[in-house]
Amino acid sequence: MYLKEFEIRWNDIDANRHLANKAYIEYAAHTRMSFLMERGFDQRLLAKFNIGPVVFYEHIYYFKEVFYGKPVRVSLEISGLSEDGKFFEFRHNYYDYKGRNFARCEMVGAWIDLETRKLIPLPDEMQAFLRDVEYPEDFKTLTKEYTRRFNKIPVDLS
């Protein structure tokens, strides 16, 4: 499991004086990028293949409040990948300074070609970066249907 530590900044708290919703998303995104970059999966590699990540959804489950003044740690696990690497699922757990789990985030996304703006399989060279890590016991092989399992569709204004 990968861990990243954060100092809760003044602008990370909300009107209730606890960690703001936006901070959870920002900490998770920063943790993901740190994890990937430390393994060589960086902006140069993304530019080489002209691809980028796209987030389908992030679900956050809050268990306890956390407040300004003590560091927090955010974990990362790759909890799912499609066989071709197109789809991915990351799970983050948030821990207070005593190691108590105060929130969880589950994020599902995919890779897009930045020119065509279409979903694409992850190139083999890049798949190696995601396949060479320890997966959790509940790791799953993702399908397109899995990424749409909540059956949410857009509804335009008339």
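Biologist: What share of the contacts in the chain with a separation of 6 or more comes from residues 24 or more positions apart?

Modeller: That share is 71%. Keep in mind that this is a predicted model.

Biologist: Okay, what makes the radius of gyration agree with a compact globule?

Modeller: Set the two values side by side. With 158 residues, a compact globule would come out near 15 Å, and the chain has 17 Å, so the two agree. The C-alpha trace spans about 45 × 45 × 30 Å along its principal axes.

Biologist: How many helices and strands are there, and in what order do the elements run?

Modeller: The chain has four helices and six strands. Starting at the N terminus, the order is β-α-α-β-β-β-β-α-β-α.

Biologist: Let's look at one strand. Why is β4 called mostly covered?

Modeller: Buried means under 20% relative accessible area. In β4, residues 87–95, nine of the nine residues are buried. For the chain, the buried share is 43% of the 158 residues.

Biologist: And which residues of β4 point which way?

Modeller: Phe87, Glu89, Arg91, Asn93 and Tyr95 point one way, while Phe88, Phe90, His92 and Tyr94 point the other way.

Biologist: Which residues stand across from each other?

Modeller: Isoleucine 78 has phenylalanine 90 in β4 as its bridge partner. Phenylalanine 88 stands opposite glycine 109 in β5.

Biologist: What about the turns, where is phi positive?

Modeller: In the hairpin of β3 and β4, with four residues between the strands, glycine 85 takes a positive phi near 80°. The hairpin of β4 and β5 has five residues between its strands, and glycine 99 in that turn has a positive phi of about 85°.

Biologist: Now the inside. Which residues have the most contacts within the largest nonpolar core?

Modeller: They are Phe41, Ile78 and Trp111, in a core of 19 residues. At least two residues of this core come from each of α1 (21–38), α2 (43–49), β3, β4, β5 and α3 (124–131). β3 gives the largest share, three residues. There is also a second, separate core of 16 residues, with Phe6, Ile8, Tyr27 and Ala28 among them.

Biologist: What does isoleucine 78 touch, leaving aside neighbours within four places in sequence?

Modeller: Its contacts are Phe35, Glu89, Phe90, Leu130, Val133, Tyr135, Pro136 and Phe139.

Biologist: One last residue. Why is aspartate 12 called buried?

Modeller: Check the number against the cut-off. Buried needs under 20% relative accessible area, and aspartate 12 has 0%, so aspartate 12 counts as buried. You'll find aspartate 12 in the loop between β1 (2–6) and α1.

Biologist: What makes its link to arginine 9 a polar contact?

Modeller: The cut-off for a pair of N or O atoms is within 3.5 Å. The side chains of aspartate 12 and arginine 9 make their polar contact at 2.8 Å. Not counting residues up to four places away in sequence, aspartate 12 also touches Glu7, His18, Leu19, Ala20, Lys22, Ala23, Glu26 and Tyr27.

Note on methods
Residues numbered from 1 in each chain as written. Predicted model: local features only at pLDDT ≥ 70, side-chain atom pairs only at ≥ 80, totals over all residues. Heavy atoms only, no water. Buried < 20%, exposed > 50% of the residue type's maximum accessible area, 1.4 Å probe, protein only. Pairing = 2+ DSSP bridges. Core = buried A, V, L, I, M, F, W, Y, C linked by side-chain atoms within 4.5 Å. Contact = heavy atoms within 4.5 Å. Polar contact = N/O pair within 3.5 Å; in protein donor to acceptor, adjacent residues only side chain to side chain. Rg over C-alpha atoms; globule rule 2.2 N^0.38 Å.
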